[in-house]
Amino acid sequence: MNIAIVDDEKAELDAAEHYLKDYLRDNWSGTNVNIQTFSSAKDFLNVFKVGAFQLVILDIITNIATFKR
């Protein structure tokens, strides 16, 4: 399973990754999970391909204009 976390605030990005890893360890320990973090929507869109991520966690206050290609 590939998971992307997108947040422009480093502390929030790190916290989301930490909590997600704790949850996955406690509830999905037998599943192969790859977590990728992105510090901007632009960075995420540069690698995004349809079907590449099964879960995307987005910062709800990220500048939405950066999501336009």
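Biologist: How many helices and strands does the chain have?
Modeller: Two helices and three strands, and from the N terminus on they run β-α-β-α-β. Helices (H or I, at least four residues) and strands (E, at least two) are DSSP runs, numbered from the N terminus.

Biologist: And where do these numbers come from?
Modeller: This is a predicted model, where local features need pLDDT of at least 70, side-chain atom pairs count only at pLDDT 80 or more, and totals for chains, interfaces and linings use all residues. Residues are numbered from 1 along each chain as its sequence is written, and side-chain values use heavy atoms, leaving out hydrogens and water.

Biologist: OK, H1. Which residues are buried there?
Modeller: Leu13, Glu17, Leu20 and Leu24. Buried means under 20% relative accessible area, exposed over 50%, partly exposed in between (1.4 Å probe, protein chains only).

Biologist: Why are they on the same side of H1?
Modeller: Because they cover an arc of only 70 degrees around the axis, taken from the directions from the helix axis to the C-beta atoms.

Biologist: What covers them?
Modeller: The cover includes strands E1 (2-6), E2 (34-38) and E3 (55-58).

Biologist: Which residues are exposed on the other side?
Modeller: Ala11, Tyr19, Arg25 and Asp26.

Definitions and conventions:
Contact means heavy atoms within 4.5 Å.
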